[in-house]
Amino acid sequence: MKDLKHLYYLENLLTEANNDLVRQAQEEGRLAVGNVCSLIPEVLLDLPGCFSVRLRAPRTGSMEVGTYYMTSLLCEFCRALVERAMEGGYEFLDCIMAPDACAAMNRAVENMELLKTCNKEKFFITYSDVPMKSDETALKHYVKQMRIRVLEPLNEVYGIDVSDEALRKAVEQHNGVSKLIRELGEYRKEESPRITGYEFHVFCLATYVCPKDLLIPILEDTLKQVKRRRPDEKSPFRARVVLAGSEIDDLDFIKLIEENGAMVVADRHCFGSFPGRDEIKLNDEEDMLTQICRHYMTAGQCPRYMNTDKINERKDYVDQLAKEYKADGIIYEQMKFCDYWGYERMAASYIMEHEYGYPVLSVDRPYVVGTSGQLRTRVQAFVEGLEIKKIHRRQ
Amino acid sequence: MDKIKQIIKVMLIGFAALFLLSWIIYFFNLDMKASVYLKKLMDKVYDMRKRDRRL
Amino acid sequence: MGKKMNSEKLGNFYYGNKTKKRREWRGAADTWYDYTRWLANWKVMAKFMMKPANLKGFFRYRWMGSYLAVPDFVDRHTEGLRGPQLRIAHKEFDFIVEHVCETIGNLFRADPACGGDEEFSRRVVVFDENMMSQIMNGFPNLQMVCREIPVVYTPSTVLQEGVLHYIDVAEEFGLPSDVCPMPAAELGCAIDDDFPQIGICAVNCNTTCDGSLMGNGVEARRFNIPTFQLAVPIRHMQESVQEYGAEEIKNCIKFIEEQTGETFDWDHYFKCMKTFNAETKLFREWLELSKTDYPQIIGNNVALYRDAYYQVGGGRDARFLQNDREITELGYQGYEKKVLCASEVRHRAVLWGVQAQYYTAFPIWLQNCWGILPLIDMLSLTSTSYYSEDDKEQAYLDMADLYMKMNMRNRSNGGYEVGVDDLWRFCEEFRADMVIMYEHIGCKAMAGYHGIFEEQARERGIHLIWVTHGLMDPRKASRKDMRGEVNRYMRAVLQEEPLDPTLEDFADDNNW
């Protein structure tokens with residue numbers, strides 16, 4: 001297939017946390033709000049005058065300093081963030097809105113705070129207590145926390161407009177981007193798709209780490225291109241998979257999977273489009289903050305949600321995606337040393353295979369996958385297994 | 001009366017023997033040394049039991 | 001051999017086997033005392049085993065095999081002790097033995113595979129292991145059973161290999177080996193069909209950590225009873241979360257009421273909280289004693305026992321209060337006589353981080369080998385607030401506070417103010433020159449402060465000794481490895497000689 005025009009530009013952009021678009025937005029006077037977890041509603045950080053930057057540490061090599069502070073027992077993603085922060089990689093941030101969600105990420109942000117890695121005069125960090133259940137009591141708490149830990153500090157320190165009007169504008173922007181991403185993603189449903197999982201991931205990832213308004217023209221243009229794109233006569237992929245799990249901001253991971261024959265047709269992971277790029281539907285009856293929090297709470301697929309309904313919902317969700325995107329199998333992945341996904345991967349792999357009947361590949365991975373021979377082998381074996389199953393089904 | 005004395009004498013000897021035995025068991029840790037063998041046996045019992053092993 | 005501390009060369013008792021060669025001679029009075037307590041414990045255990053349901057349970061459940069080593073467990077926690085410390089240790093550990101027997105007895109009574117008492121089982125509310133129990137203070141007609149305590153928690157303290165089988169089972173099913181072994185063992189036990197199936201309903205909680213929370217969710221698949229997930233706020237020091245905590249408590253109470261048909265009894269609740277407050281008052285006195293030159297209730301004599309009455313007892317069992325009073329009396333006696341807890345006191349230490357379950361006797365080794373007094377440990381430094389004895393609205397907030405400040409969680413969660421800053425505050429209060437920092441390999445929460453602890457300890461001139469362990473899995477770091485880290489520091493940095501050279505290096509790898 002012909003290369004997508006903006007792919008190379010975005011790939012380059014994604015090699016830096018403080019990339020061109022981030023710098024452009026800051027030069028325009030907007031605030032860069034650091035985000036470390038999907039449990040802080042992203043849309044609250046994209047109010048007029050701000051833009052959210054989901055933290056990542058591209059091109060991470062050594063993590064020695066991060067490991068000294070956090071030991072080798074913790075998630076590499078968190079250590080990489082601390083390493084990058086110590087190198088000054090997040091000096092551009094105006095604040096970080098962190099939830100106390102997973103212990104490892106909380107420690108990473110606390111280390112950044114205690115080690116004074118961001119030295120702007122008005123820089124601050126807040127820690128929100130975010131819900132672990134999805135019910136009305138939790139919603140009330142969530143709304144309160146978002147008000148006092150996110151909106152009020154933005155307003156008090158930086159004078160950001162946090163009115164319902166402003167929230168509505170942020171939601172409109174979010175929905176605009178989400179609609180474009182969804183439309184792009186729909187092309188993955190095709191037999192011979194006009195966009196690969198890797199390409200899609202590049203565009204989707206960019207929407208998490210760059211000012212969204214500056215990406216909209218690129219996404220619109222890309223959508224037009226993809227509509228006109230001529231797919232390969234025969235799909236280069238031998239199998240179709242849903243990719244579910246913990247955060248993936250390393251493009252090489254999806255590249256590795258696709259190079260070995262499995263197309264990632266749906267992305268149910270942090271930095272992915274499900275559910276992160278769901279549109280937020282608003283009404284005129286309830287206050288905006290409550291509606292936003294309700295959306296993130298009910299749509300959220302983080303394994304941290306501990307009520308039984310949510311636990312079961314996560315499996316149904318992946319099942320639904322697999323059916324909708326006609327997946328042959330599911331890959332469950334987790335960042336090494338992630339407690340949440342360690343358990344979720346174990347349970348979900350078992351349940352999706354034994355109760356839902358899907359072939360499942362269950363892997364853990366380092367933060368930087370590179371060209372991991374081990375992962376390559378596992379994906380290859382999985383793809384071969386899927387092919388054999390397809391042959392048997394045809395017979 | 002003699003019979004009662006006899007009974008008391010036997011009881012005292014019995015208690016003394018029990019005390020000595022328990023003291024030896026206590027001091028030389030014989031209860032725990034015996035438990036080692038019992039544990040090995042019980043592990044075999046537990047291994048033999050059929051279990052509904054699943055998630 | 002004799003009355004004085006360190007008169008027995010304790011390392012010589014270990015000869016590479018499961019048990020020690022013999023028990024200690026502590027002088028006539030102390031040895032006689034220890035002997036009578038040994039008899040008493042066997043009496044409790046024999047009485048337990050005579051009930052048919054308990055005997056059935058012994059043959060049914062693998063974890064019951066661990067309890068064969070209970071006398072050894074008591075011996076480990078009284079090793080080298082004399083006088084008031086010996087008596088305090090026995091007061092605590094013997095009562096724990098009795099209490100655990102009762103708990104297991106209740107489990108088996110309700111278990112269809114053992115006692116089959118359905119009516120009793122319908123009065124049982126199953127609680128998560130690491131949950132406070134004060135909600136049950138308002139349900140006098142119901143029985144709370146912390147299912148995982150006698151099944152996983154206690155076996156791992158009695159026997160160092162107590163739960164390895166379960167950890168392995170969980171890993172066979174795909175659980176990564178880097179997660180905390182405690183929820184891993186619990187999950188493995190559930191997978192292996194080794195939990196008694198009892199109770200009318202269950203309450204799970206998000207204490208203590210991410211791993212525990214996740215493990216509960218997966219375990220619950222095996223238990224076919226209605227379950228309420230009690231979500232307790234993480235940032236427990238923030239005023240803004242208290243209301244949510246209280247709301248969740250109300251929801252939990254409502255759930256129990258609905259499932260059991262019982263109504264929350266406020267009178268009984270406040271009565272229990274009065275007892276709990278009285279226990280807290282006594283605990284505060286112990287802490288004050290520990291700040292003096294003659295601390296008495298320290299190390300092992302605080303750690304496990306505090307867990308038991310703070311969390312599991314919760315004020316419902318007045319025997320704990322009576323026991324506490326007797327312990328306090330012994331403490332004051334020791335203080336007045338200026339009794340030392342080691343033959344030579346060289347260092348005063350605060351123990352921070354999570355202790356190794358397979359080496360809960362480690363503080364005693366510190367005393368006996370190096371004269372390091374383990375004045376207090378992180379798990380015992382829980383809430384010392386007094387709670388309301390008459391205000392219902394305040395009571396909801398109090399219960400929420402207790403749940404948030406459950407052992408360990410009150411430090412591993414809540415921010416660096418409680419996990420790091422408070423450590424230095426306690427070092428000052430207890431006049432500690434040393435911190436023994438337990439580094440539990442599977443604990444992400446505390447490991448994340450590693451570098452900060454190092455730097456701040458250096459700034460304050462406090463000796464920080466890292467002791468790595470695997471919590472319930474000694475294969476990751478053995479007891480010997482743990483001792484080795486202290487030995488290296490004491491020799492290389494402080495250049496000291498041990499009080500008992502036989503304890504510096506001895507063969508206990510195989511020991512229970």
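Colleague: Which residues of H8(C) meet which residues in H9(C)?

Modeller: This is a predicted model, so keep that in mind throughout. On the H8(C) side you have Met182(C), Pro183(C), Glu186(C), Leu187(C) and Ala190(C), and they meet Gly211(C), Ser212(C), Met214(C), Gly215(C), Val218(C) and Glu219(C) in H9(C). By type, the residues of this contact split into 6 nonpolar, 3 polar and 2 charged.

Colleague: And at what angle do H8 and H9 of chain C pack?

Modeller: The angle is about 5°, and the axes lie 8 Å apart. H8(C) covers residues 181–191 and H9(C) covers residues 210–219. Angles under 35 degrees count as roughly parallel, and H8(C) and H9(C) are therefore roughly parallel to each other.

Colleague: OK, switching to the contact between chains C and A. How many residues does each chain give?

Modeller: Chain C gives 40 residues and chain A gives 42. On the chain C side, H9, strand S4 (227–230), helix H10 (242–260), helix H18 (444–447) and helix H19 (450–460) each supply at least two residues.

Colleague: Which element has the largest share of that side of chain C?

Modeller: That's H9(C), with 7 residues. Sorted by type, the side of chain C that touches chain A has 20 nonpolar, 14 polar and 6 charged residues.

Colleague: Let's go over to chain A. How many helices and strands are there in chain A?

Modeller: Chain A has 14 helices and 8 strands. Its C-alpha trace spans about 65 × 45 × 40 Å along the principal axes. A compact globule of 395 residues would have a radius of gyration near 21 Å, and chain A, at 20 Å, agrees with that. Buried residues make up 57% of the chain.

Colleague: What about contacts in chain A between residues at least 6 apart in sequence: what share joins residues at least 24 apart?

Modeller: 75% of them do.

Colleague: Now the open sheet in chain A. What's the strand order?

Modeller: There are 4 strands in the order S6-S5-S7-S8, and the pairing is parallel. The edge strands are S6 (262–269) and S8 (360–365), each pairing on one side only. On average, neighbouring strands are turned by 25° against each other, ignoring direction.

Colleague: How many bridges join the strands, say S5(A) to S6(A)?

Modeller: S5(A) and S6(A) are joined by 7 bridges. One of the pairs there is Leu243(A) with Asp267(A) in S6(A). Strand S7 (residues 329–335) has 6 bridges to S8(A), and in S8(A) the bridge partner of Gln334(A) is Asp364(A).

Colleague: Is S5(A) enclosed or exposed?

Modeller: Largely enclosed by the rest of the structure, because 7 of its 7 residues are buried. Ala239(A), Val241(A), Leu243(A) and Gly245(A) point one way, Arg240(A), Val242(A) and Ala244(A) point the other way, and all are buried.

Colleague: Which helix lies across S5, S7 and S8 of chain A?

Modeller: That's H13(A), residues 339–354, running at about 170° to S7(A).

Colleague: I also noticed Arg188(A). Where is Arg188(A) found?

Modeller: Arg188(A) is in the loop between helix H7 (164–186) and helix H8 (197–209) of chain A.

Colleague: What is Arg188(A) in contact with, leaving aside neighbours within four places in sequence?

Modeller: Its contacts are Pro193(A), Ile195(A), Gly197(A), Phe200(A), Val265(A), Ala266(A) and Tyr325(A). His174(A), on the other hand, is 14 residues away in sequence and 22 Å away in space, C-alpha to C-alpha.

Colleague: Last one: is chain B compact or spread out?

Modeller: Chain B comes to 2 helices and 0 strands. Its radius of gyration is 21 Å, well over the 10 Å that the globule rule gives for 55 residues, so chain B is more spread out than a compact globule. The C-alpha trace of chain B spans about 70 × 25 × 15 Å, and 5% of its residues count as buried.

Terms used. Residues are numbered from 1 along each chain as its sequence is written. Chains are lettered from A and ligands numbered from 1 in the order in which they are written. This is a predicted model: local features need pLDDT of at least 70, side-chain atom pairs count only at pLDDT 80 or more; totals for chains, interfaces and linings use all residues. Axes are lines fitted to C-alpha atoms, for helices over the stretch in contact, and angles run from 0 to 180 degrees between N-to-C directions. Angles under 35 degrees count as roughly parallel, over 145 as roughly antiparallel, 65 to 115 as roughly perpendicular and the rest as oblique. Two residues are in contact if their C-beta atoms, placed from the backbone, lie within 7 Å. Ala, Val, Leu, Ile, Met, Phe, Trp, Tyr, Cys and Pro count as nonpolar, Asp, Glu, Lys and Arg as charged, and the others, Gly among them, as polar. The radius of gyration is taken over C-alpha atoms; the globule rule is 2.2 Å times the number of residues to the power 0.38. A residue is buried if 20 or more other C-beta atoms lie within 10 Å of its own, exposed if 12 or fewer, and partly exposed in between; C-beta atoms are placed from the backbone. Two strands pair if DSSP finds at least two bridges between them.
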